[in-house]
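Subject: Structure handover

Hello,

Here is the structure I said I would pass on. Please look through it first, then read the notes below.

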Amino acid sequence: MGTLSETLTVAPADHAFRGPGVESGTVGEPAKEDTKIVKKSQPAMSRNHLHPLVRSALEQALKESAPIAEGTPKVAGYDFNDGVNYAKLFQSLPTMGFQAAHLGQAIEALNAMIDCRMQPVAQDIPDVPTTSGGRRRTNCTVMLGYTSNMVSSGNRDIIRYLAQHNMIDCIVSTAGGIEEDFMKCFSSFYMGEFKLKGSDLFEKSHNRTGNLLVPNITYCKFHAWLNPIIDAMVEEQRNGSEWTPSKLIWRMGKEINNPESIYYWAYKNKIPVFSPAITDGAIGDVLFFHRHMHSDYSLKLDLVADIQAINDLALFSVNTGVLILGGGIIKHHILNANIFRYGTDFCVYVNTGNEFDGSDAGASPEEAVSWGKIKVTCKPVKIFADATLVLPILVGETFAKRQSEIDAFNKCHL
């Protein structure tokens, strides 16, 4: 039996350490690139005596790897020996792996979107039609979509911040995502628990949204506030005014006159807000009862004008970027508008949907590419996570960190 010199090659890694078997260096010293640790020669073991299946299994288990492509990032996390530094912690996310890596990639995508937005618009780009609502165009139209639970939660304050500082150019939300913003101007929502018993809450008229509680008095106050606004809009309609869901939302934003509201700032900054399912909630309830009480003449909302407005907004944009929180109608409405320009240029999804059931809500960015909703040149990111965990970090590392830069740009260009 001969001898075999066993050689172990240690893969280079920033946080690899020499063990006690290393002849040079000290314990805790970072390993050098392609360090070879040579053990004492030992008798070699022949594989010839092994059963053919065992020998085949051994060869498969110890099959050499093909080289990793040059420049591929190595997996590494944040070292808290460097102190608690959140900027560096977030910078480490792209190499953390799993959804942390997607979060890091989403931060990079949003910053690229902001960079594109602040570039000069080419002089030969044709003017935007008047359906844009009079808002001046930038080099990248940032389209934000979110479901109603985002406004139910504390994310409402983060979305309001984006609208307040004119960091977005378009909003798409559900009816709940519209009305609950106004409701919070009248009454608070409260923390509850997921496990609270439904029958007990029903007796108290405490509506539960996840682990949040919404007292029904909130809806009563909303109805009382919105009804006279609808009355006034109906009278204006008699005199020739034409209404769309987006115009209704702007009118509500004007009437609330409260800087805590998302749609107060959307109205003030001329950010168009689209809600294709505007009647699917308390706003629809108000319109339902109003029509019963005024059956001779009621408010009419032109949905076709709004679909033209959002499609034109995408079509005549130089570039577009989308940030979509959740799924369903808000996700499809934004992406469908981008079909007419062969897809969006920047794309970030945050949702927990899976694609195995064929739903659009769970559809991956790759599926959207097949429809022409996302450009083939885009590098879309989907984060599988609860957006209440993710949005504060996303905004903090992009829009908020660059607020002074964005404010200066907006002052000159919007």
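Ala266 is found in helix H10, residues 262–268; helices (H or I, at least four residues) and strands (E, at least two) are DSSP runs, numbered from the N terminus. This is a predicted model, in which local features need pLDDT of at least 70 and side-chain atom pairs count only at pLDDT 80 or more, while totals for chains, interfaces and linings use all residues. Residues are numbered from 1 along each chain as its sequence is written, and side-chain values use heavy atoms, with hydrogens and water left out.

Ala266 counts as buried because its relative accessibility is 0%; buried means under 20% relative accessible area, exposed over 50%, and partly exposed in between (1.4 Å probe, protein chains only). Not counting residues up to four places away in sequence, Ala266 touches Ala163, Trp250, Ile271 and Val273, where contact means heavy atoms within 4.5 Å. Ala163 is 103 residues from Ala266 along the chain, yet their C-alpha atoms are separated by 5.9 Å.

The sheet comes next. Six strands form an open sheet with parallel pairing, in the order E10-E6-E5-E11-E12-E13; two strands pair if DSSP finds at least two bridges between them. Strand E10 (273–274) and strand E13 (381–384) stand at the edges with a single partner strand each, so one side of each has no neighbour in the sheet. E10 is joined to strand E6 (residues 170–173) by two bridges, and Val172 stands opposite Phe274 in E10.

Now the cores. A nonpolar core is a set of buried Ala, Val, Leu, Ile, Met, Phe, Trp, Tyr and Cys residues joined through side-chain atoms within 4.5 Å. The largest one has 72 residues, and Tyr146, Phe222 and Leu394 have the most contacts inside it. Helix H3 (residues 98–117) gives the most to this core, with eight residues. Leaving aside neighbours within four places in sequence, Leu394 is in contact with Leu103, Ala106, Ile107, Leu110, Leu323, Val350 and Ile383. A second, separate core has 20 residues, including Ile310, Val322, Ile334 and Cys347.

Which side chain does the side chain of Arg117 make a polar contact with? It is that of Asp169, at 3.1 Å. A polar contact is a pair of N or O atoms within 3.5 Å; within protein, one must be able to donate a hydrogen and the other to accept it, and residues adjacent in sequence count only if both atoms are side-chain atoms. Arg117 lies in helix H3 and, at 3% relative accessibility, counts as buried.

Regards
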